Amino acid sequence: MTLRDHAIRYGFIVLLFGLVAYFAIAADGFVSPQSAVFIFQSVAITGVLALGVTATLVVGGFDLSIGSVATSAMMAAAYVMVVLEQNAVVAVVVCLLIGAIVGLINGWLIVYMRVPDLLATLGMMFLLVGLQRIPTEGRSIATGMTMPDGSVANGKFGDAFLALGRHRFDFFIPNLIPVSVVVLLVLALLIWFFLEYTRFGRMMYAVGSNERAAELAGAPVKAYKIWAYVISGVFASIGGILLAARLGRGDIASGNNLLLDAVAAALIGYAVLGAAKPNAFGTAVGALFVGILLQGLTMMNAPYYTQDFVKGVVLVVALVFTFALSGRGRG
Amino acid sequence: MVGNAVFRVEGLRKSFGRNEVLGGISLELHSGQVTVLMGANGAGKSTLVKIISGVYERGGGTMTLADQDFAPNTPAEAIRAGVVTVHQNINDGVVADLDVATNLTLDRLSGKGVPTLFNPARVRREAKAVADRMGLAIDLKARVNDLSLADRQMVAIARALAHQPKVLILDEPTSSLSSAEADRLFALVDRLREQGVAILYISHRMSDIRRLADRIVSMRDGVISGAFDTKPLDYEGAVNAMLGRKIHLDQIVARSSAKPVLTVEGLRIGLGARPISLTLGDGEVVAITGLVGVGKTALAETLFGVRKPLTGTMTMNGKPYAPRSAGDAIAAGVFLVAKDRATSGIVSGFNIERNVSLPFLKRMSTLGVLKRRLERATARRQIEELSIVCRSEKDEMSALSGGNQQKVMVARWMAQNAALFILDEPFQGVDISARRDIAAKLRASANGRATLLFVTELDEALETADRILVMSEHTIVGEHRNAEVDLDRLLAEVAGGPLHSAA
């Protein structure tokens with residue numbers, strides 16, 4: 001291996017450690033279990049979304065609707081519990097169904113209606129941003145809110161549901177690890193195993209690399225593509241559930257950054273270990289990278305508006321790593 | 001006639017790296033004549049066309065146009081000098097989103113002395129002049145997108161002819177046209193011939209060639225292998241010069257089979273084509289040969305379930321066989337090494353090991369989880385079996401030579417036992433030693449399955465098959481046991497006409 005190969009393979013990991021070292025010296029209190037947990041918590045939701053969008057990237061597609069699927073799921077959870085006065089289980093099931101249905105529709109549009117993936121999911125994004133506001137005429141959902149017909153919504157978020165966002169497991173230190181972080185880790189392991197070690201994951205990569213070859217090898221290409229969007233939709237809705245549980249209300253103003261952060265994490269993932277392809281491990285590292293960067297900047301009192309800029313720079317650098325330096329992106 | 005050639009090519013050479021593609025081509029085109037150029041894939045036809053049309057620089061030799069030296073540096077220069085080329089891919093010649101008028105005048109939109117502002121009225125006026133001269137009856141306001149392929153091509157040709165060329169090159173112009181559409185093109189070619197244009201017509205289709213040719217020139221391996229200009233034209237001779245045997249290879253010992261594996265009855269794969277019936281036996285290697293575009297790939301894809309036959313039934317080992325997808329075919333033991341490995345075989349993101357295991361992941365996993373050790377062992381065994389030259393089974397496909405890439409494709413499908421093993425142009429872009437290896441492997445392992453090859457090159461059929469079938473116009477027109485083959489009859493069948501040399 002040449003120096004160049006090493007740079008491509010380990011460049012981003014080295015950069016990640018460098019960043020941690022820099023913040024450890026420059027920002028007081030950066031190195032502590034609480035700080036680490038805070039970083040994990042801050043990336044949990046975007047990480048879950050990023051893992052979902054990774055599935056669509058693997059089959060050579062893209063899903064721009066994940067952010068709005070997540071916020072739609074959040075609003076739906078709030079609506080089901082606060083307005084319809086249902087319990088947490090019903091809320092979770094409704095959210096997951098929304099994710100699966102949106103994924104199915106996305107897949108159908110792309111595979112059968114031949115709409116290009118970016119456009120289909122962009123359309124779906126706009127549709128959902130509007131749809132999620134219709135039931136409450138654009139209002140956020142919280143216990144005691146006044147409904148459009150003048151009645152008052154008396155339901156409330158169930159304790160079990162709120163625990164998804166607020167409960168912390170003991171891990172050496174009491175009350176350390178939030179549920180959302182555990183969810184992220186479990187899903188990351190699941191999707192990593194699925195993509196790397198099952199024949200379905202392998203076929204998805206084949207579909208993404210050479211659709212015709214995959215088809216002639218006997219793969220039901222259309223089904224694989226649709227499944228990828230269903231995975232993406234369901235993961236996004238899980239992200240929405242976690243968001244609702246953390247906020248405790250259906251807030252129409254939240255979740256604006258979800259799409260950008262998740263896509264950035266997945267694309268940064270291309271550069272990790274020189275994979276030059278979408279992969280679950282890379283996505284997780286990418287999400288972590290963004291989280292560390294933002295946490296560090298926050299602790300160093302960098303103004304909020306510099307954060308998007310820094311994220312953008314990191315993304316562009318990562319893409320250069322993937323496509324220009326490795327040369328594999330071209331094939 | 002001879003002596004007044006308007007366009008003359010002499011000793012033209014071209015190499016790409018160490019690979020010589022044209023080894024001294026000499027060719028003459030005469031005014032008011034259609035010269036047909038025939039040649040198999042890789043014979044160097046497109047390189048020749050690209051040099052004449054100014055895309056490539058020539059490596060040596062001379063070209064003269066009306067006794068003047070002709071050395072275009074760009075396609076635009078060639079057109080200005082009066083040599084116009086209509087390329088094979090119709091959609092490369094037109095801009096689909098613009099209307100016909102703009103397309104007809106597209107080449108006047110840039111260059112020196114062109115007004116900056118786009119004047120629709122002027123464009124329409126000029127376009128009308130171009131269309132009238134050609135007798136083109138297409139609505140000038142129509143969008144090219146809405147036109148049929150034939151009309152699009154007419155537009156591309158009309159624009160080319162607006163320059164009043166002395167030489168017109170048509171590169172496989174009918175390859176995506178229906179026969180009615182082709183007739184319109186032929187009428188146009190006739191008109192141009194009367195106007196005194198020298199036409200170089202490149203085609204594989206015998207029906208085109210019979211209809212149009214005044215002369216035929218055959219190319220093979222970068223040289224002119226035959227020129228025919230006495231009427232009646234010797235079509236079989238031309239096909240022979242294009243495909244015929246280079247070297248006399250050792251005859252193989254042709255086997256026959258007693259046990260049928262696949263029986264096909266009344267299979268029709270094209271509108272208006274006669275039905276196909278054939279039987280493939282256990283242990284025999286059958287080659288189907290024929291020119292490009294006669295339906296070889298269509299038949300291969302029909303047997304493999306990715307294309308539906310119009311009518312007909314298939315029986316596999318006594319049971320009805322009607323695959324609806326590649327998955328069905330694979331489950332029934334029918335495997336296909338598809339034509340053109342780069343687009344329909346190789347998964348470039350995967351290494352050798354993963355390319356080999358691709359179709360059989362189901363058989364290599366439990367509950368969906370891959371057995372990676374089995375996968376690796378299979379890849380290693382197949383690398384050994386086909387003597388694939390590589391460092392390890394983890395090599396990327398791009399690191400392999402063309403011959404070794406093709407071996408991986410064959411190895412992929414030989415990893416499991418087939419009932420029927422189909423290979424569509426398995427020797428394309430494969431060097432001679434890899435070709436021998438693959439052919440030998442196919443013959444050595446032939447027992448227990450039926451093997452079916454689709455090849456354009458006769459040599460490839462003669463050196464691998466026990467039985468040779470000839471395809472023409474989407475049906476099978478001849479059958480030969482590969483022992484004492486009557487080459488004259490075979491070539492006549494390939495050429496698609498009645499046998500008129502009884503010798």
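Q: Buried, partly exposed or exposed: which is His474(B)?
A: In this predicted model, local features need pLDDT of at least 70, side-chain atom pairs count only at pLDDT 80 or more, and totals for chains, interfaces and linings use all residues; side-chain values use heavy atoms, without hydrogens or water. Residues are numbered from 1 along each chain as its sequence is written; chains are lettered from A and ligands numbered from 1 in the order written. Buried means under 20% relative accessible area, exposed over 50%, partly exposed in between (1.4 Å probe, protein chains only). His474(B) has 26% relative accessibility, so it counts as partly exposed.

Q: Where is His474(B) found?
A: Its phi is positive, near 60°, and it is not a glycine. Most residues other than glycine have a negative phi. Helices (H or I, at least four residues) and strands (E, at least two) are DSSP runs numbered from the N terminus. In those terms His474(B) is found in the loop between β21 and β22 of chain B.

Q: What is the relative accessibility of Arg114(A)?
A: Arg114(A) also has a positive phi, about 60°, without being a glycine. It is found in the loop between α4 and α5 of chain A. Arg114(A) counts as exposed because its relative accessibility is 71%.

Q: At roughly what angle do α4(A) and α5(A) cross?
A: Axes are lines fitted to C-alpha atoms, for helices over the stretch in contact; angles run from 0 to 180 degrees between N-to-C directions. Helix α4 of chain A spans residues 88–111, and α5 of chain A spans 117–131. The two axes come within 9 Å. They cross at roughly 145°.

Q: Which residues of α5(A) meet α4(A)?
A: Contact means heavy atoms within 4.5 Å. From α4(A) come Val102(A), Ile105(A), Asn106(A), Leu109(A) and Ile110(A). Facing them in α5(A) are Asp117(A), Ala120(A), Thr121(A), Met124(A) and Leu128(A).

Q: What is the average twist from one strand to the next in the six-stranded sheet of chain B?
A: The sheet is open, with mixed pairing, in the order β16-β19-β20-β13-β21-β22. Its edge strands are β16 (334–337) and β22 (475–481), each pairing on one side only. From one strand to the next, the twist averages 20°.

Q: Which residue is the bridge partner of Ile288(B) in β21(B)?
A: Strands pair if DSSP finds at least two bridges between them. β13 (residues 285–289) and β21 (residues 467–472) of chain B pair in the parallel sense, over four bridges. In β21(B), Ile288(B) has as its bridge partner Leu469(B).

Q: What angle does helix α17 of chain B make with β22(B)?
A: Helix α14 (residues 402–414) of chain B lies across β16 and β19, at about 175° to β16(B). Helix α17 (residues 487–495) touches β13, β21 and β22 as it packs on the sheet. Its direction and that of β22(B) make about 165°.

Q: How far apart are the C-alpha atoms of Phe335(B) and Val485(B)?
A: Phe335(B) sits in strand β16 of chain B. It is buried, with a relative accessible area of 0%. Beyond neighbours within four places in sequence, its contacts include Phe304(B), Phe360(B), Trp413(B) and Phe421(B). Val485(B) is 150 residues away along the chain, and the C-alpha separation is 29 Å.

Q: How many disulfides are there over all chains?
A: A disulfide is a pair of cysteine sulfur atoms within 2.5 Å. Cys95(A) is buried at 0% relative accessible area, whereas Cys390(B) is partly exposed at 24%. Over all chains, the disulfide count is zero.
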